[in-house]
Amino acid sequence: MSSLAIEVQGLVKRFGDRTAVDHVSMRVESGEIAGFLGPNGSGKTTTMRVICGLLTPDEGRGTVLGLDIRRDSERLKREIGYMTQRFSLYEDLTVEENLRFVAGLYGIHSITARVQEQLEALGLTERRNQLAGTLSGGWKQRLALSACVMHRPKVLLLDEPTAGVDPKARRAFWREIHRLSLEGMTVLVSTHYMDEAERCHRINYISLGKLIVSGTVEEVIARAALTTYLVKGGRIEEAENLLRAHPDVDQVAPFGATLHVVGRDAQKLNTAVMAVASATGSRAERSETSLEDAFIRFIGGTGDTQA
Ligand SMILES: Nc1ncnc2c1ncn2[C@@H]1O[C@H](COP(=O)(O)OP(=O)(O)OP(=O)(O)O)[C@@H](O)[C@H]1O
């Protein structure tokens, strides 16, 4: 079998006259954590639903674990774990009862042993008798993840699993994702958080239904071909206004008392930044371009204003 867990080509999904997914091709290697990023409404959820066989594409083809996403959709549903954005648990059941219920749905034979294993794997043992409704957001997500991998899927699709969860709980959640990946699970995860994108082996960026760029974080940043300066000190507000109005400057973003200044033409940006720094008594220094800068540049290229 190929080492590709997910391979889709030219996927198109329309809702009426709206094209939610527009000729998307994507490959995810086995055991890889692939990030799926893009503005709201750019087509991430729809693409995931097509990949797991819940929606039939209008055009295009694809395989997951060698299974055809159109023909083998019923088998696919058993091979894939899918955590939706609003994954719901039974709030008036305990953690353990929720897991036992899910194990029953999947027709798992030795439910007690499997549930015990899942409780331990996700650090939920101490909370096994707690009502799911009383868990914090982070623990609810861990329980949801636990439910989604109960049937030991080889591919896991996670749709914004950590939205609204605090940083500590997000970190714990990502430890689980990495653990599952080390065990050989392939993960496709959508997120709006840049730090989460950086935890992925590769990322895919979609805008207005079109896949704009795929690659490692370094490759994606390099593809944006941007130059970045940090400007600080002096009359910083005046510097910000001048830089914003400058034709050779593409982005100006304040981070505390520092301006993050980005441009496509390194030479012209250098000239612009140095002139403004000198006029306003500020200091300017070259800096690394961030993933966020790169994404904003890609959105600029597609005319999507939803970022
Ligand atoms: N069942 C549906 N019927 C009609 N339009 C839909 C349906 N599902 C999605 N859409 C539209 O398709 C587009 C893509 O939506 P989708 O939910 O896939 O985006 P997304 O990238 O997951 O967004 P978000 O980050 O907000 O979750 C949106 O314009 C959405 O309104």
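This is a predicted model: local features need pLDDT of at least 70, side-chain atom pairs count only at pLDDT 80 or more; totals for chains, interfaces and linings use all residues.
Q: How do you know that the length of helix α6 agrees with its number of residues?
A: Helix α6 covers residues 167–182, so its 16 residues should span 22 Å at 1.5 Å a residue. The C-alpha atoms at its ends are 22 Å apart, and the two values therefore agree.

Q: Which residues of α6 are buried, and how do you know that they are on the same side?
A: The buried ones are R170, F173, W174, I177 and L180. Because they cover an arc of only 115 degrees around the axis, they sit on the same side of α6.

Q: What does the buried side of α6 pack against, and what does the face turned away from it carry?
A: The buried residues of α6 pack against β3 (33–37), α5 (137–148), β7 (155–159), β8 (186–190) and α7 (194–197). On the face turned away are the exposed residues K168, R175, H178, R179 and L182. Just after α6, G184 takes a positive phi of about 105 degrees.

Q: Why is E97 called partly exposed?
A: A residue is buried with 20 or more other C-beta atoms within 10 Å of its own, and exposed with 12 or fewer. E97 has 17 C-beta neighbours inside 10 Å, so it falls in between and counts as partly exposed. E97 lies in helix α3 (residues 95–105). In space, E97 and Q130 are 9.6 Å apart, C-alpha to C-alpha, while in sequence they are 33 residues apart.

Q: What makes β2 and β5 edge strands?
A: The open sheet has four strands in the order β2-β1-β4-β5, with antiparallel pairing. Each of β2 and β5 (67–68) pairs on one side only, and that makes them the edge strands.

Q: How do you know that β1 and β2 pair?
A: Pairing requires at least two bridges between the strands. Strand β1 (residues 4–15) and β2 have nine bridges in the antiparallel sense, so they count as paired. Within β2, V24 is the bridge partner of L11.

Terms used:
Residues are numbered from 1 along each chain as its sequence is written. Helices (H or I, at least four residues) and strands (E, at least two) are DSSP runs, numbered from the N terminus. The expected span of a helix is 1.5 Å times one less than its number of residues. The arc is that of the directions from the helix axis to the C-beta atoms. Two residues are in contact if their C-beta atoms, placed from the backbone, lie within 7 Å.
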